[in-house]
Amino acid sequence: INRLKKLLYTLLLLQLTISCASRQFIIEANKHLKQGDVDTAIKYYKRTLKNSPNNAQAKEGIRNAHRYRVKTTLDKAQQALAQGHSTTALKIALQARNLPLDLESVDLVQRIDYIISNAAASSEQEVETLKQKGHYYSAASLANKIARVSSGNSERISWAKNVRRDAIYYYLNKSDDASKNRQFGTATMNLTLAKKLGYKKADSKVITELWQQFADLNCYKKPI
């Protein structure tokens, strides 16, 4: 009987110790979450669950921490979008989509989709505006950046490749027109831009020869 009492007393004391530790972990977790330190808060919530696997406060705390991280990330994306930095907004919103979030957080899921949709549309419109102004190199560079931050979105990757292809054709045509008009300096610059965009036939030898024609025409012509 005495042994049984000692065992029960030990178990009760252990349970009280665990319960006290769990309460302290919850207090620490809540404090860090309030300060915006999500990682530390989750660490303390998980330590609580290690002692008390069914602790409802710890489980709810982890859900709240995940929601807090997603919300603050989306706030940054929204701010970037409002300031006209659509590609940055798209990148941040896509990061938010990959963060842990319970399926019941429908409001945040809808907000993620909304910001991604608006940021992508705004970014793509910016590319089209650059093309209309004849700034094809900048348009292709921006399209490539949009595809890069879109984390494997096949449609956006294909779209960016088409923008780059259009840019290459644009600069090749400009180079050809300039060559026909014996504007070899302009022709060289446009061909160089096509090469930088990935046009493989424009090797260094071709560009050097074209530039030499410009030099011969301008540097060695007879003085008037």
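**A charged network around Lys-131**

Tutor: Asp-166 is partly exposed, with a relative accessible area of 26%. Together with Glu-128, Lys-131 and Arg-165, Asp-166 belongs to one network, joined by salt bridges that share partners. Please keep in mind that the model is a predicted one.

Let us turn to Lys-131, a member of that network. Lys-131 is found in helix α5, which covers residues 106-132. Its relative accessibility is 14%, and Lys-131 therefore counts as buried, since the term buried applies under 20%. Leaving aside neighbours within four places in sequence, Lys-131 is in contact with Tyr-136, Ala-139, Val-163 and Asp-166.

Side chains of opposite charge can pair when their charged atoms come close. One partner of Lys-131 is Asp-166: the two form a salt bridge in which the closest N and O atoms are 3.7 Å apart. This pair links distant parts of the chain, for Lys-131 lies in helix α5 and Asp-166 in helix α7 (residues 154-180), 35 residues apart.

Another partner is Glu-128, whose side chain meets that of Lys-131 in a salt bridge with an N to O distance of 3.7 Å. Here both residues lie in helix α5, three residues apart, which is about one turn of the helix. Glu-128 has a relative accessible area of 28% and is therefore partly exposed.

The rule for salt bridges gives a count of 11. Among them is the pair of Asp-39 and Arg-69, with the closest N and O atoms 2.7 Å apart. Asp-39 lies in helix α2 (residues 38-51) and Arg-69 in helix α3 (residues 56-82), so this pair ties together parts that are 30 residues apart in sequence. Asp-39 counts as exposed because its relative accessibility is 52%, whereas Arg-69, at 22%, counts as partly exposed.

Lys-200 is placed in the loop between α8 (184-196) and α9 (204-219). With a relative accessibility of 77%, Lys-200 counts as exposed, whereas Lys-131 is buried. Lys-200 also takes part in a positive surface patch, formed with Lys-161, Arg-164 and Lys-195. Residues of such a patch have no salt bridge, whereas Lys-131 has salt bridges with Glu-128 and with Asp-166.

Key. Residues numbered from 1 in each chain as written. Predicted model: local features only at pLDDT ≥ 70, side-chain atom pairs only at ≥ 80, totals over all residues. Heavy atoms only, no water. Patch = residues over 30% accessible without salt bridge, like charges linked within 9 Å, V, L, I, M, F, W, Y side chains within 5 Å. Areas by Shrake-Rupley, 256 points an atom, 1.4 Å probe, with all protein chains shown as cover. Salt bridge = Lys/Arg side-chain N within 4 Å of Asp/Glu carboxyl O. Lys, Arg positive; Asp, Glu negative; His and termini not counted. Charge placed at Lys NZ, Arg CZ, Asp CG, Glu CD. Helix = DSSP H or I, 4+ residues; strand = E, 2+ residues; numbered from the N terminus. Buried < 20%, exposed > 50% of the residue type's maximum accessible area, 1.4 Å probe, protein only. Contact = heavy atoms within 4.5 Å.
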